[in-house]
Every structure is written in structure tokens, then in C-alpha cells.
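I opened this entry to record what I looked up, going from the whole chain to single elements and then to the chain contact.

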Amino acid sequence: MSHTPDASLPQRISDLLSRVACELVLTGPDDDVPSVARTALTELDALVRDGGLVGVDAVRVALDQALASGSVRTLAPAVEALSQRWESWRLAEQLLAELGPSSASADDDVPAAATATVVAAEADDPDLEAELVMLQADPELAGMFLAEALDHLSSIEAVALQLETSPGDRHLLNEMFRPFHTVKGNAGALAVTSVQELAHAVENLLDAARSGQHDFGPSGIDLVLQSVDLLSAMLRDLGSRLAGQPTASRRPERETLIVALERLLAHGEPAAGTAPVVAAVPTSVAVQAETAPAPRADRPADATGTPRQRAEDLPGQTSVKVDTRKLDNLVDMVGELVIVQSIIHQDPALRVLEERLARNLAQLRRITTDLQRTAMSMRLVPIRQSFQKMARLVRDLSRKSGKPVDLVLSGEETELDRRVVEDINDPLMHMVRNSLDHGIEPVDVRIARGKKPTARLALSAYHQGGHVVIDIVDDGNGLNAERILAKAVSQGLVDKHATLTPNEIHHLIFKPGFSTAEKITEISGRGVGMDVVRRNIEALRGRIEIETTPGEGTKFTIRLPLTLAILDGLILGVGAQRFVLPTFAVCESLRPLPEQVHEVQGQPRMVRVRDTLMPLVRLADLFGISDAVQDASAGTLVVIEDANRRVALQVDQLLGKQEVVIKSLGAALKKVQGVAGGAILGDGRVGLILDAHGLLELKLGTSAAA
Amino acid sequence: MSQNDNTTATPAATKNLAGKYLTFALSREEYGLPVLKVREIIKMMDITAVPQVPAAIRGVMNLRGKVIPVIDLRIRFGLPAQEDTDRSSIIVVDLLAGGDRVLMGVVVDAVRDVLNITEQEIQDPPQFGTEVATDFMTGLAKVKGTVKILLDLDVLFRDDAAAMVERAA
């Protein structure tokens, strides 16, 4: 699997370190240093020195100390320190690898193509090599530089968009100047001249603007945004090159942009009415900015730490970088703590408690609950970044389509699980595109309808009853039920004679392959969108609802669970097994009377619940459990619902309701249909979490009517 | 049969297999696992069965807050099934599956010792011809009169994982 001898070197070093640590575990502080450990350390020394790794000075120092230790007593801590340094080095390497290639592909698997050894691109620009020298010397520093710079660019973008609505605001101009100045300085210190030059050109413009010498206007904002895009691309290229992948030179774009900036500074803003000065930046960069998974900017922060608060937002608040793996481990451990604590609390031996012990246990429980809440909250981040990307998207789309749009954001501080924020990004972007393309009418149509020429698009996020709700409201066309129905019928998605409620008709837009676009526009594409949007949201255990008034507008409401990690579940007992069913999928539960159950030969068993007939499924049959209750009337039925289909699950008994932490079953078991994961129950056993959608699919198959 | 991207089997002697191994018993054979791959050893505990998975996967278990899969090595090796005894144990191993580190539990009949096996004691593994893929057996060690089969679990489960992914697709 390794192509070059060096690729396995880090792993070998890690293995040797493990071996040494292993040896030391079995020895006492007063024992002699085991010869195996000595040998391993010597081997480590050779590998680290001659292996050609860069940036391992800290590791070498620790290694020397370890080699100099005469006894286990001194060796053990030295080895500990060595392991830590080594891990830091590996982390830095990993971070650089994660910054990923600069290609506009949303797929993260692309980096595997590191086997490509074509270096021809670099011949275009010999300076590219020179730039890498200092960065390669200190990978950790390089990682920090790249992550921080991207972060700065992100905030610059936000300020630029604000400036569009309040031009000439001195405070904002300053806010934009500072990060450019910082990026330029850092780049200069690390001799990354390409970044430094471009940042410097923008900095000059902004300096003149904030001191009143230059009238900053739309052209300036345009150029600043283009610079942000180009600089982001350049930084990502740097990351790729550090990870060993070649990238093309961006010199032509850079020089064009620098010239445009200088010209703007020299001649000032063109008079209103004339075309704004726009540098001819190749569309590849522009497209990249729009479609590149903007999570890239987040991801460096994510890979090394979260949350990251901006110093400007919260005076006096500092933050630390934490490895997300450590964070996840912490959350796992806290989860276990809660369970064990709970078991102790319920132990019958503790019934006869003396007062003080009882009080202390209660205190322990309170602290544990608090700890869990805090640990969980570390996974939460505000939706602000996501909304910010929407702002940029709306601006660009509005320009491109010539439809003026007023974007109103609210609730940006609403917190969500960080993975949800990442995953909700694409669906949100798509819905915004859709709104701008299909929802919002061209200016003349709006005026003819008596509407304000500038359309209004409002994105808001808020908490509601254990959920996070995101509303997307536009005052455009609204959904045309007739056209949707007609299209669906013509595409065979719905039977001609079916009677559907208006709501059901609206939900047809989520069917795969559906599109009412007369022509496929550049903006919203080929009707693959809404289906994927719905699936993405469902993957997050969320729901999407539509409210629309023809001629007036549309409102999409996305409802997401507050955290992906915790689930409110109903514990089901089937034989000796325990299952967890998410409460949101449960409609009701009942003990059926024998006459409610209908069994017709050759047909699946059905049960009549009030006036509805629905399929009856024995969970024991589905999962091959032999010691379960046979008769439906001796057990309990739980009615589950997914996308308007219902099924009654037969279980032995309901054992209660519990909040459980969802554990993934691992890659190997991910594909089991009907099972969404595992949960650690109160007695320490694992209960499988059922997936209502999967169960229904399993039983009913994918039916066209839904 | 399967096209591995490892080089086709060259004699085990080219890899340095010497080192510490954890030995365990399964049916009538004894096997060895490189000790660096062993995370911990636990007594048999509750394993939750997972439906629709190959028989070799007994299910999942709770390892201090992590849910990890548990493989029944006996079934995996095609040996006749047997009831667990009170010596049955679970060895938690740290594997590399597709570039990720994965923890897995492996059920064995009994755990034996940690042995330091030298290069001289290791011979090439038996070649059963191209029909049976045995890359996961890295060598045979003759120690104190008994023969232990040395295993590379990364290889064993890599193929399993691939097969499962294929089947699920």
C-alpha cells in the first residue's frame, strides 16, 4: 500500500514507540531498563535522524532525553514526553493533509491520488518552490498559518458584505483592513511572497479608504471579494503542495488582480452608472468560491479544535484548540460515567442508606448530569458560519440573475451540533438557489404584480421544543400546485387519478427526478436538488415542511434535532434483547385485542387500530429472535410512522423511555437496514437503535405511493 | 483470487516477524497475535446480536462507552460451533481498516501467554495453493514443542470488510 519507502516511516516510528511503552508498562520504577526498550529506542533514534522527516526537532530533543535516561524511573516520563511530541508532529501532518486539494470537488476522497508525481505545473512559477521552504521546516506553524489566514478571509468576506449595505462606514473599513494586514504580515514572515503581494495590494487600497483618501465603493468591494476568493484558493494550493500534491500556478490571476487594485486606487471609483471595475479573474476561481465546500474554511478549525470564538466577538474570552478526537472520547467517557453512576444509584444494596451517603450520592448525580450537559454542549457551534455563506451566495446569485434581493438573517447565534451545521450547508444552499431561481420573479414581473422590486429572502434559526428550526421565507411566486401536479403526472411519479391534498402536492417536489424548470438554468441545475435536500435533512433525523401562497411567497421550515448524539428513545423488550426506538417515530402503542388482528392466508398479518388497517410485523421475526412472545395480543404493539406510512411493530413489552447516546456501530455494520446504531443502556448492555424508515422499507419495500 | 495491492506472497522470512505475541487457543490450535495490536483482554460479556450480518459477526459490545463489533473467530475460521466456556475470552484488537484505526473484539476459547518469539523459531506458513487465501497467516512458530499459527488480523478483516461492503452495495 505504500509507494515510497518513507510513507511507512511514521507508522514504524509509532509502532516502535508503542513497543517501548508496552515494555515499560510491565516494569516497575526500580527495575532495570528492559533491553528490548533500549534496542527500540536506538532504532527510533536512527529512524528519526536519518528518515528525512522535517520539523521533528522537538521530537529529537525528547528522544535524546529518553536515550540518556539510566533507569526506568527517569525513562518512563521521558518516553511519555516523546510520545506527546511525536503525536503533535503527526497531528500537524494530518492537518495539512486535511486542508486538502484545491480542486472544486466536494468529495473528500480525492487526496488519495497522491500517487501523481507530475511536477510539471511548478515549472511555470519557480517561486512556488521557494515559498514552501519555510513552511516545510515547521509543519505545525504552517498549519496554524493556513488555518488562521483562512479564518481571517472568512471574516473579511463577512465585513465586505456588510459594507455593501452601509458603504463608507469607517469602522467596517478598519475591520476589513486589520485582517489583511495580519495575513500580509504572517505571509511575509514565512516568505510566502505570492500571498504577501496580493494581500499587500488590497491592504494599500483599504488603508487609503479608511483614511479617507479613497472613496470606497462597489468596485472596491468587488475586488476585495475577488481577492478573498483568490487568496483562499492560493492558501489551499499551499496546503496541497505541502502534502505533496502539485498545483498550478495562479500567477496570471494574481497579477491581473493586483493591477486592477492599483488602478482602482490610482483612478478612484468609476462614476455611478458606468460599469464597475472588475478584474478578469478566470471563472474557475469564482466558481470555486461558490461551490467549494465552504466547510473547508471551517475544517482546519474543526480538525484541530472547536469551538473557536473570534476575539472581536467576545471581549475577554479566550479559546483553546482541542483535538476533536479527544473531545469525542471525553463525551464517550462522560456517557459511561452517567451510566455507571446511575447503576450505583439504583443498586438495591444502597437502599439502607445512611443519610450522609445518600446526600453525597445525590450530589454525585447532580454533578454528573451537569458534566454530561457541558460535554454535550462542546459539540455545539452557532449557525452563523452557515448563514454567512448564504449571504455570499445570495449576493452572487442576485448579481448573476439580475434580481435584486434583500437577505435578512436572524438567529445566527443559534447553536447546533457541529456536524449538523456542516451537513445542513448543502441543503440550505440549494434551497436558496431554488428560491432565487424559481421562487423570486424578475423585477418587471414583480412590479407588474404590485410588489416591491427588491425581493425579500429571510433565513432564521431558533430553538423550539428540543429542536432547531430553520425557516427560509421568500416573497416570490409561491408554489404552483397545478403545475407541480401536472409535471408529476407527466413524469409518472403520481397516478393521474390520485387525489392529493395541497400539502401532498407540494411535497411532490421532493420526489427524485422532479423538476418544473422549463429550462435548466445555470443556477439551479437539473432537478436533482430537492430530493437530495430532503434526504440530507432526513439523514440528520430532521423534517422539512412547506407553506406557500401562490403569488405571495413560500416558506420552507426545516426541523432538526438539537443534537445528533442524543436520542429520546422508547426501550422495547423482545425476548432477551433490548431495542431502542426513537420516540419521534412512534405514533402510539397498544395491547391489541385478538379480534383486531387479522390473518388472511397468504397475506401479511394486519391489525386494525381504530379505523385504520395496517401491516403487523413481529420484531422477533424481523430480527430472528426465538424467545419472544408469539401472540400479538399477549405482547404490545408500537405503531411507527415514516413519510405517511404506518406499521405496527409487535414487541414483548415496553420497558420505558430513556435518553440514550447514539453510538455508531462502525463501518462494517453500517449497512444493516432497520438499525441506525447502538445505544448503551442503563445496565451497560448495548441496545440496537431501530430506524423507522429502514424498518418500513424492509417490510413494505419502496412503494411509489407515499 | 483477490487482487491485493500488497505484493503477492513472498516468503514470510522477508518480513521481520520476531517479537512479542499474545497466544490464544481456538479449537485444537494455538494462534499468536502481535502484542502491539492487542488493546486489552476481557472475560466474556454481553454481546448484542445484530441482524443480517455474516454469522462470524457475533454482534456488538460496550467497551467503556464505545460500541465495537465482536467477531467469532471460530466461525470465521469455519470451525464447528461450540458453546462458550468460562475460559472464553474477548481479545480487543486495534486494527487498520481502510486507513482508519478500528477497535474490534475477537472471541477465542482461551487466552494463553505473551511469548517472545525469535526469528529462528518462525517458519513460513503452509501454502494451501491458490484456492484458499491465507495471507492472514504470517508464519508458524515452534515454541516449546508446540506450534502456534501467527496471524495478521489486518489482512484477515480487510478482506472481510471489502466483502461486506460489496454485498451491501
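My notes on the model follow.

I am working from a predicted model.

**Chain A overall.** I began with the secondary structure of chain A, which comes to 22 helices and 18 strands. Next I looked up burial: of the 706 residues in chain A, 37% are buried. I then took the contacts in chain A with a separation of 6 or more, and found that 68% of them join residues 24 or more positions apart.

**Leu560(A).** I picked one residue in a strand, Leu560(A), which belongs to β7 of chain A, residues 553–561. Leaving out residues up to four places away in sequence, I listed what Leu560(A) touches: Leu416(A), Val420(A), His467(A), Val468(A), Leu540(A) and Gly542(A). For one of these, Val468(A), I looked up the C-alpha to C-alpha distance to Leu560(A), which is 5.1 Å across 92 residues of sequence.

**Helix α3(A).** I turned to α3 of chain A, residues 57–68. Its twelve residues reach 17 Å from first C-alpha to last, close to the 16 Å expected at 1.5 Å a residue. I noted Val59(A), Ala62(A), Leu63(A) and Ala66(A) as buried in α3(A). Why do the buried residues of α3(A) line one face of the helix? Seen down the axis, they fall within an arc of 105°, so they share one face. On the other side of α3(A) I found Asp57(A), Asp64(A) and Ala68(A) exposed.

**Helix α8(A).** I repeated the length check on α8 of chain A, residues 193–210. At 1.5 Å a residue its 18 residues should span 26 Å, and the end C-alpha atoms are 25 Å apart, which agrees. The buried residues of α8(A) include Ser194(A), Gln196(A), His200(A) and Glu203(A), along with Val195(A), Leu198(A), Leu205(A) and Leu206(A). Just after α8(A), I noted a positive phi of about 85° at Gly212(A).

**Contact of chains A and B.** Last, I looked up how many residues each chain brings to the contact: 28 from chain A and 24 from chain B. On the side of chain B that touches chain A, β4 (57–63), β5 (66–72) and α2 (153–168) of chain B each supply at least two residues. I recorded β5(B) as giving the most to that side, with four residues. By type, I have the residues on that side of chain B as 15 nonpolar, five polar and four charged.

Notes. Residues numbered from 1 in each chain as written. Chains lettered and ligands numbered in written order. Predicted model: local features only at pLDDT ≥ 70, side-chain atom pairs only at ≥ 80, totals over all residues. Contact = placed C-beta atoms within 7 Å. Nonpolar A, V, L, I, M, F, W, Y, C, P; charged D, E, K, R; others polar. Buried ≥ 20, exposed ≤ 12 C-beta atoms within 10 Å, placed from the backbone. Expected span 1.5 Å × (residues − 1). Arc of directions from axis to C-beta.
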